[in-house]
Amino acid sequence: MKTSFFFLFALLFLQAFTQNTVTGYILDEVSKEPLQGASVFYDGTTIGVVTNTDGYFSISTEKNITASLVITYFGFKNKVVSAVGKTSLGTIYLQEAVEQLNEVILEPDTWSREKKLRIFRNQFLGSTLPALKCKILNEDDVRLYYSKKEDVLYAFASKPILVQNKFLGYVLEYHLQDFEVRYKTNINGFRLTGSVFYAGTALFKELNSKVKQRYIKNRKITYFGSTLHFMRALSTKKLTEENFRIFKESLEVDPYAYYNVEKIGDDNTKVEQTLERLNVLYNRWSNSFVVVTQNPFYIDAYGNHSPVDVVLFGGDMGLLRIANTLPLNYEPVN
């Protein structure tokens, strides 16, 4: 029994020692009073905590992570900070959110809310099977505006958008920062969706206290062949082992013929894609392409790449939206 006890103690000590912990205090900028119950989380993960009566928080990860730390509190502006390489953020002050009147729009909106909401759901959640199992719980908090002059649909939300995902078993709290659907007309006169852009921060929470087996199965199905899976395989130089094949146009090439991959420390990877566009085939059925507009970019131990906007995905991976998004700290379970 003593041997088991000391073994368990040593194991717990090792786990605690290898964790990466960041601490800090959240205060009201005006009153300097601590904000109890403020939410502190790593963007795109399930890793989150709340502040205590002193406004203090301590948040830990098992690996180094480059995702931003997001701080939210009802009635105050969200704060996004970088905690890379830090153990303490000291005191962080939040500004009270001032409720403003909707901006005056001189150009009349010619689309009905029903039409705009239908497009928003389709482009935000996606059009895949998981999207059919998703529901936005607070659609009334989403403001939509269509500009006929620009041929662009915009979306705004002062409150986090709550998405119930009954396919993956999560409730997603998404703080929308930007959303645009731009349309274009081709040479034949047909009006098409030209581009879709949305940005924000997200916190994932389990839908049920006990994760159901179907959620575990669906998460694995969603993970394999995803952008997260690709980035992890790329950074560890296991593209072939993970069933990814790389093509220059229609010609298959060595997976790392156009990638320079350099390990930085124990957890981070520096990557250069020397050809702007490469095609990716996963498991002989999923066709995608990767466009890199700026080199280098970096991938952390969770598979999170940065800067986010320099790596663009098209094809099957490019069609994936919020309904097919997994937390950055997700790991497939055997």
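**View 1. Aromatic pair of tryptophan 111 and tyrosine 183.** In this predicted model, a search of the whole structure finds 19 aromatic pairs. In the pair of tryptophan 111 and tyrosine 183, the ring centres are 5.9 Å apart and the planes meet at 75 degrees, so the pair is edge-to-face. An angle over 60 degrees counts as edge-to-face. Tryptophan 111 belongs to the loop between strand S7 (88–94) and helix H2 (113–125), while tyrosine 183 belongs to strand S12 (residues 170–185), so the pair ties together parts that are 72 residues apart in sequence. Tryptophan 111 has a relative accessible area of 13% and is buried. Tyrosine 183 is also buried, at 14% relative accessibility.

View 2. The rings of tyrosine 170 and phenylalanine 204 are 5.4 Å apart, centre to centre, with 75 degrees between the planes, and the pair is edge-to-face. Because tyrosine 170 lies in strand S12 and phenylalanine 204 in strand S13 (residues 191–206), the pair ties together parts that are 34 residues apart in sequence. Tyrosine 170 is buried, with a relative accessible area of 4%, and phenylalanine 204 is buried at 5% relative accessibility. Arginine 219 lies over the face of tyrosine 170, 3.9 Å from the ring centre.

**View 3. Cluster of aromatic rings.** Phe120, Phe124, Tyr174, Phe179 and Tyr198 are linked into a cluster by ring pairs.

**View 4. Arginine 277 over phenylalanine 289.** The face of phenylalanine 289 has arginine 277 over it, at 3.8 Å from the ring centre.

Methods: Residues are numbered from 1 along each chain as its sequence is written. This is a predicted model: local features need pLDDT of at least 70, side-chain atom pairs count only at pLDDT 80 or more; totals for chains, interfaces and linings use all residues. Side-chain values use heavy atoms; hydrogens and water are left out. Rings of Phe, Tyr and Trp (its six-membered ring) pair if their centres lie within 6.5 Å; planes under 30 degrees apart count as stacked, over 60 as edge-to-face and the rest as tilted. Helices (H or I, at least four residues) and strands (E, at least two) are DSSP runs, numbered from the N terminus. Buried means under 20% relative accessible area, exposed over 50%, partly exposed in between (1.4 Å probe, protein chains only). A charge sits over a ring if NZ of Lys or CZ of Arg is within 6 Å of the ring centre and within 35 degrees of the ring normal.
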